[in-house]
Every structure is written in C-alpha cells, then in structure tokens.
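Let's take a friendly walk through a protein and its DNA partners. Have a look at the picture first, then read on.

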There are 2 protein chains.
Amino acid sequence: MRLSELSERSGVKTATIKYYLREGLLPPGQRITATQAEYDEAHLRRLRLVRALIQVGRLPVATAREVLSHIDDASLGRTIRLGAALWSLPHGPDPDEEAPETAAAREAVERLLDRIGWATSQEIGSLSPAHRSLVSSVATLIRLGYPCDADYLAEQAGLMRQVAVQDLDMMETYPTEPEQVEMAVASAVLYEPLLMALRRMAQEEESARRYGL
Amino acid sequence: MRLSELSERSGVKTATIKYYLREGLLPPGQRITATQAEYDEAHLRRLRLVRALIQVGRLPVATAREVLSHIDDASLGRTIRLGAALWSLPHGPDPDEEAPETAAAREAVERLLDRIGWATSQEIGSLSPAHRSLVSSVATLIRLGYPCDADYLAEQAGLMRQVAVQDLDMMETYPTEPEQVEMAVASAVLYEPLLMALRRMAQEEESARRYGL
DNA sequence: CCCCATTGGAGAGTTCCACTATCCAATGAT
DNA sequence: ATCATTGGATAGTGGAACTCTCCAATGGGG
C-alpha cells in the first residue's frame, strides 16, 4: 500500500507518518520507483504500536525509537533484549541524592526487599530503573509526610508479584522472541493504564461499599 | 518566611514559585508591607504537593489547580468532594467512538463488571473517567492484537480490588476531611508510580526466577 | 539618615517537543 | 499531454512550563 493508504487505515495523518519515518520510528517502505514506496501490514502494525507507545504510554519520540530498536535487535539473547527494552522505558525522576529523605527511602526499600526475598533486586537490581524509581517514589511520600511503612509496602509488593506472574504467563503464550519482547513492552506500557483504571474503579466500588452511595 | 526562603527550603526557583502564585496553585502569602509577603509551613507543604503532582504525577498545571481547588473546597460533603477531586485527575484518552474495537471493548468491560459484581460501576459508573479509561485501554489492546480476555481481566481486577482495600484503609487513618481528600489524591497520583515500580521489579524478579540470571 | 541590595509583581521571552504546512521534482493514471 | 499524487526536505506552528527582565518600594547596614 502507499503512504496515503497507510494513513487512512491507521487514522494517522500522512505528515505525521512522514515525521515518524524521518525520526526512524517506522522503517522506510520498499522503494518501487524513485518517488514511490510500498508499505505492508507490518508497517501498519508497527505504526499502531508507535502511536500507542506515544499516546497511551506517553513515551517521548526519542525513547520510543530506542525501545523499538531493542525490539528489532536480533543480535541479542532474549533475556538481554528484554532487559534492554524494558530499561529504556521511561521511569519516574531519579532519586534526589541531596534530599535527606532519599537515604531513609533507600533503607526502607532495602528492608522491604530483604523481607520479601527479592534477591535479584538487591544484587544487580539497585541499578534497575524500577528500583531507583521506587526509591524516588518512597522519598517523595516521606517528604510529603504520607505513610509508607513496611507492612503496606510488603502487602502491595505481594499483590504486584501476583500481577507479574500473570504478565509473564501472558508473555509465554507467544512463540517467537520478538513477539515476546514486544509483549513485554506492551505489558509495561499499555497494560499499565488498564491496571490503574481497574484500581480506581475498585476504589470507587470499595468506597461505595463502605460509605454508601 | 519570605519568598526566597520558601524557595531555598523547597528547592524550587523563586521565578517558578511566582509562576505558581500567578497560576493560583499556591495561595498568596500574607502581605506584610506593600512590597513584601510572609509565607508559612502550610505554603511549603502545599508547594511540595504541587511539585509532586506536576513532576511525579505529570499533571498539567491547569489540572493541578482544579484538583487542589477541590481539596480546599470545604463547601462539599466528603463523598462529593472526594469524587470531584478524583474525577478531575487525568485519565487516558477517551474511547474513540469511531473505532469498531471500542464497541467490543465496552462489551468486554460490561461482562467483566457483571462477572465480578461491581454494581456501582455499571449504574453511575459508565460515566466515570476510570471506566472510560478502561474501555479505551481495552480497545487499544484489541486493535493491536494483544490478548485481553475475560479471565485475565477478572484476575487483575481482583488483585486491584485488594490494592484498593489497602488504599481505603490508609485513607481512614486520617481524621479530618481535607486530609482524607488529599490522601485520596495522593493515593491516585503519587502511589501509582510506586505500585508500577513494584510491578516492574516483580516482573524482573519473576523473570529471573523462570529463566535464570 | 542614606544608600543600595533585596523583594514581590507583571509581562515578555525562551525552550522543548510533537507535529504540521509548504515546496519541489518525479511520477503515473487518464 | 496533463495534472493530481507521491515521497522527501525544510521551515513553521502551537502548547506547555518555566525563566528572564524590569520596576517601584522597601529596609537593614554603615
């Protein structure tokens, strides 16, 4: 199909598609003549993924390009490839090392991991974006005076563990590596708003159950 | 304290504080003279909350102002006040009614709510931002061809329900209404990255458990 | 008492980013 | 033959979140 058809089928303006091509988010189509190119279903699918990453996942264009490049990179093994893709995803701001709360937060996280036995995270994991993001989140909550005690964290961590099991099960339903990596990215980026929507609905439901209305 | 001290203690530039004052995110200080104003601890706390909402929660300035106004509004009862604050929080894009996937997604959500018995959400809840956000998320996943079956959704919804119970328990530890509303906002905005960080760490942990390394 | 650094206020300017509009030459359907 | 279309390149647009520049009014140190 031509660029204009790609545009119609995806609902994305041709100008925007050209922009994505320029930015390397979308591989160039197969050149038919000096002035025309042919796109296929793979382009359409990739384009939809790009839109989802940018619009739903709010990834900056540069980050989306990086993530996609990891999905495409066949030179790495699955574990590395998966890690590379996930670690380049956006995470909250890094912990502010100046702030005194950061030290307390780091210690709290340390104790948490110890308690629930997430060994990985302690050894190589203190470099993981997720780990730093967690420290930063806890520090912010402490600074604002919100409770963030060990029991609460452990409880929620346990629930997130169950969520993660579901996530990995779902990933395993895919046979090929690139599909698995893409699924992992989708799991991190696209299922996140879904989970958070479910959480807010659950809050509304539970709130209605407790206080009526 | 003066504006400059407020700036030092919060780590926010004076120019930015002035901007927030102008935008109504921060109440004006008490005027001492024609050219000077006095700020107190409440201003400092509010400023930190504003920064957290904007930087951690990624709220647009206008949205933050709206949310804060609901926190401050003493004219409403708790339930309404809480709802008003939470419903003005950002949620994903609204469902695209043009797209055929939206209808399927709406039906899937309908069936889900039926199955797990969240009555609230079906009656008044189809107007809730969380509900629309869920429909939109499911529609996106369907369009991209990712699995989103009833079993998966029900499973995750159950887990989110447990998370919500924790959330509400925490809210109840606060005695006064404005504190509860602020806690609810914090729960929706600030604990969200914390939960998602835990989820990603759990994924890393579970992944390591299954595939080694 | 005087002077000049500081303060708060107001408006314009800057930066970044995701697009989007404009051109242009080559093409290909009619 | 012709004229709308295509792909590519370049410059422009609009929104958001600051940030800079002035300015008049202090008010503390000498």
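## Where protein meets DNA

A base oxygen of DNA strand C sits 3.3 Å from a polar side-chain atom of Arg22(B), which makes a polar contact (a pair of N or O atoms within 3.5 Å; within protein, one must be able to donate a hydrogen and the other to accept it, and residues adjacent in sequence count only if both atoms are side-chain atoms). Bear in mind that this is a predicted model: local features need pLDDT of at least 70, side-chain atom pairs count only at pLDDT 80 or more, and totals for chains, interfaces and linings use all residues. Residues are numbered from 1 along each chain as its sequence is written, chains are lettered from A and ligands numbered from 1 in the order in which they are written, and side-chain values use heavy atoms, with hydrogens and water left out.

**DNA strand C**
- Thr16(A) has a polar side-chain atom 3.1 Å from a phosphate oxygen of DNA strand C.
- For Thr35(A), a side-chain N or O atom is 3.3 Å from a sugar or linking oxygen of DNA strand C.
- Of the atoms of DNA strand C within 4 Å of the protein, 70% are sugar or phosphate, and the rest belong to bases.

**DNA strand D**
- Ser4(A) puts a polar side-chain atom 2.7 Å from a phosphate oxygen of DNA strand D.
- Over in chain B, a side-chain N or O atom of Tyr20(B) is 3.2 Å from a phosphate oxygen of DNA strand D.
- The largest share of the surface near DNA strand D comes from helix 2 of chain B, with five residues.

**Inside the protein**
- The largest nonpolar core has 136 residues, and Tyr146(A), Leu194(A), Tyr146(B) and Leu194(B) touch the most other members.
- Such a core is a set of buried (under 20% relative accessible area, 1.4 Å probe, protein chains only) Ala, Val, Leu, Ile, Met, Phe, Trp, Tyr and Cys residues joined through side-chain atoms within 4.5 Å.
- Leaving aside neighbours within four places in sequence, Leu194(A) is in contact (heavy atoms within 4.5 Å) with residues including Leu134(B), Val138(B) and Leu153(B).

Methods
Buried < 20%, exposed > 50% of the residue type's maximum accessible area, 1.4 Å probe, protein only. Near = heavy atom within 4 Å. Helix = DSSP H or I, 4+ residues; strand = E, 2+ residues; numbered from the N terminus.
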